[in-house]
Amino acid sequence: ESLPNRRTTRVFRSPARSPRKVGSGSSEMTRKTNVVIIGNKRVSVTQGSKLVQDAVTIVEARSARLVQQFVELPYRMHASDPAWVPELRRDGYRRLSRRHNPFLAHADMTLFLATVNGQVSGRIAAIEDHAHNAFHGELLGWFGFFEARDAATASALLGEAERWLARRSCTAIRGPANPSLNENAGLLVDGFDGAPYVLMPH
């Protein structure tokens with residue numbers, strides 16, 4: 001039986017430039033193919049996408065207002081989906097808090113929001129788990145809490161997470177993990193009309 005909920009791994013070689021805004025005139029957004037590995041398959045997150053008329057802007061969610069937008073985004077995006085079972089908002093906030101989440105005692109995490117015309121269109125967290133890398137002898141980064149309304153937003157968010165991790169000398173990025181494999185992880189690629197299992201992302 002196939003499992004539609006998978007983790008992905010992306011490998012990158014060197015840090016890229018860090019544009020904060022990308023629009024339809026950018027070949028990076030409209031022509032470059034970003035590839036993720038899902039199971040044994042290579043899947044493009046931009047292939048077949050249309051030209052984007054409006055720029056995607058990436059902002060770091062530092063303030064309480066932006067963190068609130070980060071947590072609330074899935075509730076807005078999936079509000080009309082009868083198959084979506086939301087987590088408790090309290091748990092969503094606590095997973096992002098160093099005070100409440102012991103994982104963050106040995107990991108660094110930065111939250112990013114994507115906006116188009118001032119409206120939030122996606123989110124991602126870039127994560128470096130120092131305990132994992134020390135134990136496994138790796139230079140691995142993670143991404144998590146991934147939501148995107150379209151391929152252009154997804155590409156911009158994944159690129160921002162890659163750049164953040166590359167600046168910290170990570171050589172590969174794996175995810176989604178929210179924020180680690182000890183909590184919900186993976187990416188639903190099929191079966192959106194079915195009831196989820198426990199800890200299955202939507």
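Of the 202 residues of the protein chain, 43% count as buried; buried means under 20% relative accessible area, exposed over 50%, and partly exposed in between (1.4 Å probe, protein chains only). This is a predicted model, in which local features need pLDDT of at least 70 and side-chain atom pairs count only at pLDDT 80 or more, while totals for chains, interfaces and linings use all residues. Residues are numbered from 1 along each chain as its sequence is written, and side-chain values use heavy atoms, with hydrogens and water left out.

**Whole chain**

Show the whole chain and colour by pLDDT, the predictor's confidence in each residue, from 0 to 100. The protein chain averages 81, and 74% of the residues score at least 70. Select residues 23-41: pLDDT stays under 50 here, and the model has 47 contacts for this stretch beyond four places in sequence (contact means heavy atoms within 4.5 Å). Next select residues 43-53, where the pLDDT is below 50 and the model has 22 contacts beyond near neighbours in sequence.

Switch to a cartoon view. The secondary structure comes to five helices and 11 strands; helices (H or I, at least four residues) and strands (E, at least two) are DSSP runs, numbered from the N terminus. Among contacts in the protein chain with a separation of 6 or more, 66% are between residues 24 or more positions apart. With a surface turned on, the chain exposes about 11,400 Å², and carbon and sulfur atoms supply 50% of it. Accessible areas come from the Shrake-Rupley method with a 1.4 Å probe; for residues, only the protein chains shown count as cover.

**Strands β7, β8 and β9**

Select β7 (107-116) and β8 (119-129). The two pair in the antiparallel sense over 10 bridges; strands pair if DSSP finds at least two bridges between them. One place to look is Ala 114, whose bridge partner in β8 is Gly 122. β7 and β8 form a hairpin with two residues between them, and Asn 117 in the turn has a positive phi of about 55°. Is β8 mostly covered or mostly exposed? Of its 11 residues, 10 are buried.

β8 and β9 pair in the antiparallel sense over five bridges, and Gly 122 has Ala 148 as its bridge partner in β9.

**From β9 to β10**

β9 and β10 (residues 172-175) run parallel and are joined by three bridges; Gly 141 stands opposite Ile 173 in β10.

Beyond residues up to four places away in sequence, Phe 146 touches Arg 123, Ile 124, Ala 154, Leu 157, Leu 158, Asn 178 and Leu 187. Its C-alpha atom is separated by 6.7 Å from that of Pro 176, 30 residues apart along the chain.

**Two nonpolar cores**

A nonpolar core is a set of buried Ala, Val, Leu, Ile, Met, Phe, Trp, Tyr and Cys residues joined through side-chain atoms within 4.5 Å. Which residues of the largest nonpolar core touch the most other members? Phe 70, Leu 96, Met 109, Leu 111 and Ala 125 do, in a core of 22 residues. α2 (64-77), β7, β8 and β9 each supply at least two residues of this core. α2 gives the most, with five.

Select Leu 111 and show its contacts: residues touched, not counting those up to four places away in sequence, include Val 59, Val 67, Phe 70, Leu 96, Ile 124 and Ala 125. A second, separate core has 17 residues, among them Val 56, Ala 156, Cys 170 and Ile 173.

**Backbone exceptions**

Most residues other than glycine have a negative phi, and most peptide bonds are trans. Go to the loop between β10 and β11, where Pro 176 is placed. A cis peptide bond joins Gly 175 and Pro 176, with omega about 0°. Another cis bond, also with omega about 0°, joins Asn 178 and Pro 179.

Ser 169, in the loop between α5 and β10, has a positive phi of about 75° although it is not a glycine. Ser 169 is partly exposed, with a relative accessible area of 48%.

Finish in the segment after β11, where Leu 199 is found. Phi of Leu 199 is positive, near 65°, and at 56% relative accessibility Leu 199 counts as exposed. Met 200 is partly exposed at 23%.
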